[in-house]
Amino acid sequence: MAQSLQQEEYDVIVVGSGAGGGMATNRLANAGLKVALVEAGAFYDPADEEQRTQLRYPWESPRRGASTRRRPFGDYNSCIGGWDLDGEPYTQGDNTDFRWWRARMLGGRTNHWGRISLRFGPLDFKRYDSDGLGDNWPIGYEDIKPYYDKLDKFVGVYGSNEGLYNDPDGYFLPAPKPRLHELYYIKGARSLGVPVYPMRKSVLTKRINDTRGVCFYCRQCSRACGVHADFSSSTVLVYPALEGGQVDLYTNHMVREVVTGADGRATGVAYINTEDGSQGELRGRTVVLAASACSTARILLNSKSSQHTDGLGNSSGHVGHYLHDSTGASRAAFLPDLMDREIYNEDGTTGGHVYTPWWLEGENLDFTRGYHLEIGGGMGMPSYGFGFAVNQYNQYLGERVGGYGNGLRDDIRRFYGSRLSIACRGESVPQFSNYCELDPSVVDKWGIPVLRFNYQWTEHEINQARHMQDTMEELLTAAGGILLGSKPGADRDYGLTKPGEIIHEVGTTRMGDNPNASVTNSFGQLHDASNVFVADAGTFVSQADKNPTWTIMALSWRTSDYIIEQMNQRNL
Amino acid sequence: MDRRETLKSLLLGSLGAGVIASTGCATNPSSNRAITWTSLPESYSYGRTEIEKEYDEALFAETYFSEHELLTIAVLCDIILPSDHPNGGALDAGLPEFVEFMVKDRERYKLPVRGGIAWLDTYAIDEFGADFINISEQQRLQICDRIAYQDVDDPELQPGIRFFSFMRDLTLTGYYTTELGFRDLGYQGNTPNVWDGVPQHILDKHGMAYEEEWLEKCVDQSRRDITAEWDDDMNLIS
């Protein structure tokens, strides 16, 4: 890896190589700035045979793709990271069970995301105006729309223009056709008046340039694509930036803190080389933090100095606060109509080809803010877990569950691809009282104080989860399904996921015009240090029910343009 | 077809092929019982980090099961998915080594499998005077008939039912994630292709059809290699 002279001063030091850091690196380097990209994890390239997991058969893994602590989403998932990292703990405050997913690799969490790419809509930036909760963003859809537009063309996203006010149109690539179970879902949803549209995903169903390939329909974006037909930060943003010669990449470098000078402005970052434990500093005119919402908050809180006694950017006391994740709930059904299927290749693109955006805006409900529905099913590739509870659906057919012998082969084929599932992803209401902070007594193996989480859902999220459960039952039944399992009740918060579990955590360094109630301005620039920026989801004022990656990148691009402009004007 | 009858006839005809030299004295634990299975690779290369490689190597090197336990697992796997089939059975697909690896990989599996085998032996001794692998095939199947189904209420059998169910899960997942299992299932995917929707005859069979309006939003696969261009109104024009 690049080891340039420590004396060199970079124009920009970017911390973190995921969606936000990758975009900032790409845009800033493209503008001719000298960039240091600092990543805590190792180098990664899915086209490297040594690292490839795409198109591998289950028997190439001794555990057949089963999850491990180091790959919680399965042995073939490309993302190296998880809920539980070696030597990097986090702790829980009172009544808290927060789940924190961290990636440790080039490209960060873009190596495992579902590629669902939903623009926030006009309402999503002004939720306070509609329900009086939380706060409005200091920007609106019109500010970010030009960046979504550029992003669509630059990175590529399939979908369809539907003219929906809060799910705006875009420059979409054409959508893949629905699979058979999705047609059943569409039919059922239509009968209930629930709309269904093509999904929006950052997968190239059509060529967008000469450097990236076109999707060959293996359904394995989560394994990272060797022809770069899906979006991950490394393949689409970082590698092209490295080719320009403007970027020094520092992998296995964990940033501990931002170093500030006597004037309170940043002079660089202090890091630990995770391979040999040595420490050092990089010097830069500006610092862009994109380590992920919570890691960026941690770096800021650990950056204490005489000018920044409570941590950098924290004069408002807001760093770490307003932490919020998407809500989630799921349910599945057995579709007798899909028994004894003729088997054909139904892999398609990753995950679902159709979805239902929030369709009850303005309805009188006992919760505020909406959710969307993601559809699962199909004849996927067998991996660890395939064949478990092989003939459990016999209970619905009046036959015995269990047995042994070659008859089980018939059961396997009979029920293959007969499951339909729905996953809901919703918007939660940001709370000041949900936050991460430094644990006063616990450090990680590098000696860096770790985060402690404090988080409780409110009635809004719990009531929303109840609504999700009712909706999923109606939709699955309308599709011809027999519901599986039991409907979770109040004792289980209606199946509401744990905070953090959906891995959409945002809000820890939220943007705003008031320096007493926010950490950055609308460009992600710290109110307290003009040459430090945040380019990850920490700046989100509210999360919407949309997956955050597309908005992280649009905001990071906007921040990058602002940095370039301010440098040209000699303000930075 | 009466599935249960088919099941039995297939099983009775098959077990002898998997378990060789099963004529040994049932009460003599030293009687040699040979059972053969296809071996799995001892190392794998599939995009691991150094730490992961070390972890897997340590698992391969670890001995957890006794020979008796491994033989019992093999006999059970063979009962669950016998080899008298054109696509082979559990023993042809590398069970029980797969079970052994998974149990070592997942600490929480260790006790249930060890305890399950011990339960099975205790039950076999009580009923037939010898541990599970040293009773006759007919006796083994008698026990399996009692613990292979979920609807059996006998409280005494519940640990066995739970164990057998778990062994069935591991056996089927271990088999269907091999080439033999892929062939048996007829799986068609995991290969580069140009997916263009559900085949027409399958749509017809299910009484489904793609709507014109929806298809207009979908990819024209004949133009997938033409670089995307849009007009200013967000319409794809290439």
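These entries record what I looked up in a predicted model, beginning with a helix of chain B and ending with a sheet of chain A.

**Entry 1: helix α3 of chain B**

I checked the length of α3(B), residues 67-80, against expectation. At 1.5 Å a residue, its 14 residues should span 20 Å, and I find the end C-alpha atoms 20 Å apart, which agrees.

I then looked up burial along this helix. Eleven of the 14 residues of α3(B) are buried, so I note the helix as largely enclosed by the rest of the structure. The buried residues include B:Glu69 and B:Asp78, as well as B:Leu71, B:Ile73, B:Val75 and B:Leu76.

**Entry 2: packing of α3(B) on α7(B)**

I looked up the geometry of this helix pair. The axes of α3(B) and α7(B) are 9 Å apart, and the helices pack at an angle of about 75 degrees. Because angles of 65 to 115 degrees count as roughly perpendicular, I class α3(B) as roughly perpendicular to α7(B). From α3(B), the contact is made by B:Leu76, B:Cys77 and B:Ile80; from α7(B), it is made by B:Met167, B:Arg168 and B:Thr171. By class, I record four nonpolar residues, one polar and one charged in this contact. B:Leu76, B:Cys77 and B:Ile80 are also on my list of buried residues in α3(B).

**Entry 3: the side of chain B that touches chain A**

I next turned to the two chains together. Contact involves 65 residues of chain B and 70 residues of chain A. On the chain B side, α1 (3-18), α2 (50-61), α3, α4 (97-105), α7 (158-176) and α8 (179-185) each supply at least two residues. The largest share, six residues, comes from α7(B). I find 33 nonpolar, 18 polar and 14 charged residues on this side of chain B.

**Entry 4: a sheet in chain A**

I looked up the strand order of a sheet in chain A. It is an open sheet of six strands with antiparallel pairing, in the order β6-β12-β13-β14-β11-β17. Which strands form the edges? They are β6 (197-198) and β17 (482-483) of chain A, each of which pairs on one side only.

Two bridges join β6(A) to β12(A), residues 354-356, and the two strands run antiparallel. A:Tyr197 has A:Tyr355 of β12(A) as its bridge partner.

**Entry 5: helices across the sheet**

Finally, I looked up helices lying across these strands. Helix α8(A), residues 459-478, lies across β11 (327-334), β13, β14 and β17 of chain A, running at about 20 degrees to β11(A).

Conventions: Residues are numbered from 1 along each chain as its sequence is written. Chains are lettered from A and ligands numbered from 1 in the order in which they are written. This is a predicted model: local features need pLDDT of at least 70, side-chain atom pairs count only at pLDDT 80 or more; totals for chains, interfaces and linings use all residues. Helices (H or I, at least four residues) and strands (E, at least two) are DSSP runs, numbered from the N terminus. The expected span of a helix is 1.5 Å times one less than its number of residues. A residue is buried if 20 or more other C-beta atoms lie within 10 Å of its own, exposed if 12 or fewer, and partly exposed in between; C-beta atoms are placed from the backbone. Two residues are in contact if their C-beta atoms, placed from the backbone, lie within 7 Å. Ala, Val, Leu, Ile, Met, Phe, Trp, Tyr, Cys and Pro count as nonpolar, Asp, Glu, Lys and Arg as charged, and the others, Gly among them, as polar. Axes are lines fitted to C-alpha atoms, for helices over the stretch in contact, and angles run from 0 to 180 degrees between N-to-C directions. Angles under 35 degrees count as roughly parallel, over 145 as roughly antiparallel, 65 to 115 as roughly perpendicular and the rest as oblique. Two strands pair if DSSP finds at least two bridges between them.
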